[in-house]
Amino acid sequence: LTNAAAVLAAAVAFPAIADEEAAEAPAAAAAAPSKKAVPLTPVSQPVMAYEFSYPSETRDGAPIRWAPSRQRDTYSSAEPMSPDARQRIVYELIAFKGPMTATVTVGPAPPKLQETKPEDWKPKQVAEAVLADRATGRIATGQKVSLAEVEFAREQVIGDTTYVYYEYISQGSPNLAERESTTFRHSLGVTARRGEYLYTYTMSAPETLWDANADGFEAGIKSFKLVVPNKKKFREPGNEGLLPPLPF
């Protein structure tokens, strides 16, 4: 009782100190270590007026050794992703461990989206249409079907451009890390529209490598932007011409 009375008397006599000590415990508990940002390598493509970044390390600091696979300045010079040549790969990086990929594709709006006005497009509808348009699977009617399952999709307006961000799972092929007959790939994507064309940036890894790379992939996807075209350098997809535009 004597000790309790002494503590009470101290709290009354020095209320500021008592309050300060009481506040120290939750403040210390709230001071969790901040998550280390994954370093990113930026890429800028002025001819098609977009930019993005990709992670150079995993969450644990292990280096990711990316190698350029494709770099095309124009839509017409890029390799198609499917026989109808609608979506084309204008930039691609491959990390052979996995493998993991970072890919930028460009193409006109898929048929499923052309049926409605762009302002009426829903995020998941955009994601599923883009993924189906690059797929090679078809049903009996000849319509393309996506081999990926969209986990979530959301949109965000930045400046005058609407960006659709999404996450999806797709079936992969056996590789050195996953020798089972059924494997899965985990991916993030973002799609934005300029004029009649959609620009899409995706990052993909085997499910077994996802946890170590998810933070870097998310940062990379968020970095993707359509920039203001440089009139002297920009080539509009589908209307590129043979010569650079005149400077006047």
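**Group meeting: strands, cores and cavities**

Okay, let's start at one residue: leaving out neighbours within four places in sequence, glutamine 45 is in contact with Tyr50, Arg72 and Asp73. Before I go on, keep in mind that this is a predicted model. Glutamine 45 sits in strand β1, which covers residues 40-45. Is glutamine 45 buried or exposed? Its relative accessibility is 6%, and the cut-off for buried is under 20%, so glutamine 45 counts as buried.

One of those contacts, Tyr50, takes us to the nonpolar side of things. The largest nonpolar core has 36 residues, and Tyr50 is among those with the most contacts inside it, along with Phe52, Trp66, Tyr199, Tyr201 and Phe224. Which elements give two or more residues to this core? They are the strands β2 (50-55), β5 (88-95), β6 (100-108), β8 (161-172), β9 (183-194) and β10 (197-206), plus the helix α5 (210-223). β10 makes the largest contribution, with five residues. As a bit of background, nonpolar side chains in soluble globular proteins tend to be buried together.

Not counting residues up to four places away in sequence, phenylalanine 52 touches Thr41, Pro42, Val43, Tyr91, Leu93, Val104, Tyr201, Ser223 and Phe224.

Now, over to β5. How many of its eight residues are buried? Eight of the eight, so the strand is mostly covered. And look at its pairing. Strand β3, residues 66-71, runs antiparallel to β5 and is joined to it by five bridges; within that pairing, alanine 67 has isoleucine 94 of β5 as its bridge partner.

β5 and β6 form a hairpin with four residues between them, and in the turn glycine 98 has a positive phi of about 135°.

Last topic: empty space. Rolling a probe the size of a water molecule over the atoms shows where space is left. How many cavities of 30 Å³ or more does a search of the whole structure find? Two. The largest has a volume of about 40 Å³, and threonine 105 comes back in its lining, together with Gln87, Val106, Gly107, Pro108, Pro110, Asp133, Leu198 and Thr200. β6 and β10 each supply at least two of the lining residues, with β6 giving the largest share, four residues. By class, that lining has four nonpolar, four polar and one charged residues.

The second largest cavity holds about 30 Å³ of space. Its lining is made up of Lys36, Ala37, Val38, Pro39, Glu57, Thr58, Arg59 and Gly61. Sort those by class and you get three nonpolar, two polar and three charged residues.

How values were computed:
Residues are numbered from 1 along each chain as its sequence is written. This is a predicted model: local features need pLDDT of at least 70, side-chain atom pairs count only at pLDDT 80 or more; totals for chains, interfaces and linings use all residues. Side-chain values use heavy atoms; hydrogens and water are left out. Buried means under 20% relative accessible area, exposed over 50%, partly exposed in between (1.4 Å probe, protein chains only). Contact means heavy atoms within 4.5 Å. A nonpolar core is a set of buried Ala, Val, Leu, Ile, Met, Phe, Trp, Tyr and Cys residues joined through side-chain atoms within 4.5 Å. Two strands pair if DSSP finds at least two bridges between them. On a 1 Å grid over the protein atoms alone, a cavity is a set of points where a 1.4 Å probe fits but cannot get out, and a pocket is an open set with protein on both sides within 12 Å along at least five of seven lines; lining residues have an atom within 4 Å of a point. Grid points are joined across faces, edges and corners, and a volume is the space filled by probe spheres set on the points. Ala, Val, Leu, Ile, Met, Phe, Trp, Tyr, Cys and Pro count as nonpolar, Asp, Glu, Lys and Arg as charged, and the others, Gly among them, as polar.
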